[in-house]
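Good morning, and thank you for making time for this.

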Amino acid sequence: MLYLDHAATSPVRPEVLEAMRPYLTGVFGNPSSHHRVGEAAAEALEWARGRVAAALGMRANDVIFTSGGTESNNLAVKGIVLAALPHASGAEGPARRSIVTTPIEHESLLESAAYLHRFHDVSVTILPVDAHGRASPKDLAEALESKDAALVTFGHANNEVGTVQDAESLIAVAQERGVPVHVDAVQSAGWLPLDALGADAISIAGHKLGTPKGIGALGVRSRVPLEPLLHGGGQERGRRSGTENVAGAVGLATALDLVAVERAQHAGAVAAQTSEFIAAVREAVPQASLTGSADHRLPNLASFTFAGTSGEAVLLELERRGVISSSGSACAAGSDEPSPVLLALGIPATTAQTSVRFTFARTPLPAGSATHLASLVAAAVAAVVSP
Ligand SMILES: Cc1ncc(COP(=O)(O)O)c(C=O)c1O
C-alpha cells in the first residue's frame, strides 16, 4: 500500500514516540504540582515551549499548547476578536468588530467566524481569491479601509489545492493598518519556515508532523489581547485552562526540530518528485487538470480534477490498486457536496466533484515512482470512465 494522504495525517515518528515515552511513564507529574514529580514535568513542558516558540519565531511565553489545529484556530479567531469587542475588559479605542478572511479556509476558521457573526454580531468580510486560490494584498488593503477590523486570518497553505499565499505581503498590509494577523500554518508547518513570518498569531497541529493526534499549539504575541475559551485552573498563563499534555508538547517540539532538518535535506527532492508526477499524470490522463497554483504550492501536494469521472469512484479504484489518496479535505471526505474551495476557484460544481488529492511523505519515493503512480492513476480513471 502506498499512503498518499499526508495532508490528512501522518504516522507517528519513532523519534517522537521515544522522546514522549518518559513523560507517559516515569515523569508523569502534573506540571502545576509544586513537588519534585510535578516540577520535572513542568521542566519538560517549558523545554518544549521554547522549541515551539523558536519554530514560530516567537517568545516562549507566546506559545499556548492546544489539542490541535481546530482548537488553535478557534482560540485565535474567537479569542482575539472577543478581546477586541467593546465589552471586553482589555479592549481599547474605537469598536473593532469585523474579521477579514478568504473563502478557501479550513472550516475551523470559517465556522469560528460564523459563530462570532451569529452570537456577537461580528461582520465577516470574505476576500476574493484568484483562480489559483491566492488573495491579493490590494484587495486586503481595500477591505481594511473601513477601519473596524479586529483580525485578518488566512491559511498559509491551502489543505485541498496546496496553494501558498503571499503571506508576507498580506501580513504587512494588515499590520501597517494596526490590524493583527492570524495565520493557519497547519499545512505549511512541515514545508515552509515560520520563524520569519512575523504574524501576530500562528496555528500548528502535531499530527501533520508526526506526533500522535491531540496536540497542537497557538503562538500569540503578548501584545495581542486574547480572551480564553477554556476557563478553569488558569494554566497556559490563563489563556487555556486544563492540565497540559506534557508528552504531546515534548512530541510536538521534537517533531518540529526533525521537520526543520528534513526540510533542508528533502523539500527540493519532494518538490521535484511532485512536479514529475504532475507532468506524468497530465500526459497519461487527457482530462486531468491541476488545481491550485502551479508556482506557489506546497512541495508535496498535487490535486487534480478528472472531468467525466467521480472523484470518489477514482479514489476507490486507486485504493484497489494499492494507492491511498483523498478527494480533498479529510473533514469533507465522503460528502457528495462539491468542495467550497474548488467552487471559490471558479471550478464548476460538476468538475469539482471529480477532484482527487495526492499528498506525498516528507522523504522522496524511489526513482521512477512518479511515472509508475501516474500509470496507476490513468488506469483508475479509465476504469471509472468505462467500467
Ligand atoms: C489548514 C488546516 N487547518 C486546520 C486543520 C485542523 O487541524 P486538526 O485536524 O488538527 O484539528 C486542518 C486539518 O486538516 C487543516 O488542513
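Seven strands form an open sheet in the order β2-β8-β7-β6-β5-β3-β4, and the pairing is mixed. Strands here are DSSP runs of E with at least two residues, helices are runs of H or I with at least four, and both are numbered from the N terminus. Two strands pair if DSSP finds at least two bridges between them. At the edges stand β2 (63-66) and β4 (123-126), each pairing on one side only. From one strand to the next, the twist averages 20 degrees.

A word on the basis of all this. The model is predicted: local features need pLDDT of at least 70 and side-chain atom pairs count only at pLDDT 80 or more, whereas totals for chains, interfaces and linings use all residues. Residues are numbered from 1 along each chain as its sequence is written.

Within the sheet, consider β5 (residues 149-155) and β6 (residues 181-184), which pair in the parallel sense over four bridges. Which residue of β6 stands opposite Phe 154? That residue is Val 183. Helix α6 (residues 167-176) packs on the sheet and touches β5 and β6; a contact requires C-beta atoms, placed from the backbone, within 7 Å. The direction of α6 makes about 160 degrees with that of β6. Axes are lines fitted to C-alpha atoms, for helices over the stretch in contact, and angles run from 0 to 180 degrees between N-to-C directions.

Let me turn to the ligand. Its shell has 15 residues, of which Gly 68, Gly 69, Thr 70, Asn 159 and Ala 205 come nearest; a residue is near if its C-beta atom, placed from the backbone, lies within 6 Å. Helix α3 (residues 69-84) gives the largest share of that shell, three residues. By class, the shell has three nonpolar, 11 polar and one charged residues. Ala, Val, Leu, Ile, Met, Phe, Trp, Tyr, Cys and Pro count as nonpolar, Asp, Glu, Lys and Arg as charged, and the others, Gly among them, as polar.

Next, the domains. The assignment, which comes from an automatic or database source, gives domain 1 (12-258) and domain 2 (266-385). Their C-alpha centres lie 29 Å apart. To the contact between them, domain 1 gives 19 residues and domain 2 gives 22 residues. The side of domain 1 that touches domain 2 has eight nonpolar, eight polar and three charged residues.

Finally, the protein chain has 11 helices and 12 strands.

Conventions
Contact = placed C-beta atoms within 7 Å.
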